[in-house]
Amino acid sequence: MKFNSLKLLLAAAFFSVAVAPVAYSASSGVPNLDADVDLSDKVSLARGAKYYANFCMGCHSLEFSRYNRVAADLGMEEGDIKPLIFTRDDDDNIHKPGALMVNALREKDAIRWFGIAPPDLTVIARARGGGDWLYSYLKGFYQDDSRPFGVNNLYFSNVGMPHVLQELQGLQALDKDTNTLTLVKPGKMSAGEYDQVAKDLTNFLVYVGEPAQLHRTFYGILTLLFLLVLLVLAYLLKKEFWKDIH
Ligand code: HEC
């Protein structure tokens with residue numbers, strides 16, 4: 001398992017720099033929607049984390065993240081994002097501090113149910129070249145009765161994932177001539193509300209792919225301040241050294 005995780009991480013890292021930006025942006029021929037990712041919006045990130053725990057975590061682990069780190073970064077309680085019931089035999093350390101965000105899904109069950117195991121999503125935003133594709137994907141499900149779950153996706157043709165947010169969004173239909181989607185069966189939410197859910201999830205997954213992004217600006221400013229102080233000291237020192245030389 002550990003070796004597999006490492007392989008997955010290396011593959012994702014390779015993908016994110018080498019293959020992904022070229023391969024995926026051209027995959028469906030439909031341009032991605034603009035996710036307008038905003039990592040300074042902590043409230044959106046926290047909502048995204050909760051949606052993720054409720055709707056995605058059962059199938060998709062985030063096994064390169066830790067519950068305590070995510071909770072601390074987003075100002076949440078670990079309990080808000082941790083599954084209550086946990087049964088995977090080899091991961092009974094879920095309740096220890098610093099537990100990784102694994103889930104209880106067994107690969108062989110997943111393959112039986114979906115034909116393919118749901119991938120870990122820790123670095124999915126990076127593998128897909130940013131948040132835009134993810135946002136589009138979450139809004140891209142449409143009715144297709146020829147598919148096992150009755151849905152297909154405009155940004156991932158013949159996807160093996162059911163539309164898990166259908167209850168919220170409702171069901172869209174695809175106009176094949178124009179490649180546009182229209183809502184044919186409304187869900188619990190308005191279009192605007194569902195957009196916000198997709199945006200929150202996207203924000204959250206972009207953050208999870210590189211948690212340090214939240215702190216980078218802070219350290220950048222700190223570094224500049226430090227250099228500024230150093231500049232003043234260096235200038236005073238120079239003045240002191242040259243004071244007797246004319
Ligand atoms: C019932 C299980 C299940 C749930 C719940 C689920 N997914 Fe999936 N997901 C899958 C499967 C299976 C695939 C693989 C599809 C394929 O490759 O054809 C997948 C694929 C994906 C992909 C594409 C990954 C890639 O290969 O690029 C993304 C992104 C994704 N899911 C996001 C989500 C998000 C976000 C949620 C929560 C809102 C979610 N999924 C909930 C089963 C699930």
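Reader: OK, which residues of helix H3 are buried?

Author: Keep in mind that this is a predicted model. In H3, which covers residues 67–74, the buried ones are Tyr67, Val70, Ala71, Asp73 and Leu74.

Reader: And where do they sit when you look down the axis of H3?

Author: They fall within an arc of 165 degrees, so the buried residues line one face of the helix.

Reader: Why would residues three or four places apart point the same way?

Author: An α-helix has 3.6 residues a turn, so positions with that spacing point the same way.

Reader: What follows H3?

Author: Gly75 does, and its phi is positive, near 65 degrees.

Reader: Which residues other than glycine have a positive phi?

Author: Asn158 is one of them, with phi near 55 degrees. Asn179 is another, and its phi is near 60 degrees.

Reader: Where's Asn158, and is it buried or partly exposed?

Author: Asn158 is in the loop that runs between strand S4 (151–153) and helix H8 (166–169). Its relative accessible area is 47%, so Asn158 is partly exposed.

Reader: What about Asn179, where is that?

Author: Also in a loop, this one between strand S5 (170–175) and strand S6 (180–186). Asn179 has 33% relative accessibility and counts as partly exposed.

Reader: Switching topic: how many disulfides are in the whole structure?

Author: Zero, going by a search of the whole structure. A disulfide would be a covalent bond between the sulfur atoms of two cysteines.

Reader: Cys56 and Cys59, then: buried or partly exposed?

Author: Cys56 is buried, since its relative accessible area is 13% and the cut-off for buried is under 20%. Cys59 comes out at 30% relative accessibility, so Cys59 counts as partly exposed.

Reader: Last thing, the surface. Which residues form a nonpolar patch there?

Author: Leu224, Phe226, Leu227, Val229, Leu230, Val232, Leu233, Tyr235 and Leu236. Together they have about 910 Å² of accessible area.

Key:
Residues numbered from 1 in each chain as written. Predicted model: local features only at pLDDT ≥ 70, side-chain atom pairs only at ≥ 80, totals over all residues. Heavy atoms only, no water. Buried < 20%, exposed > 50% of the residue type's maximum accessible area, 1.4 Å probe, protein only. Helix = DSSP H or I, 4+ residues; strand = E, 2+ residues; numbered from the N terminus. Arc of directions from axis to C-beta. Patch = residues over 30% accessible without salt bridge, like charges linked within 9 Å, V, L, I, M, F, W, Y side chains within 5 Å. Areas by Shrake-Rupley, 256 points an atom, 1.4 Å probe, with all protein chains shown as cover. Salt bridge = Lys/Arg side-chain N within 4 Å of Asp/Glu carboxyl O. Disulfide = S-S within 2.5 Å.
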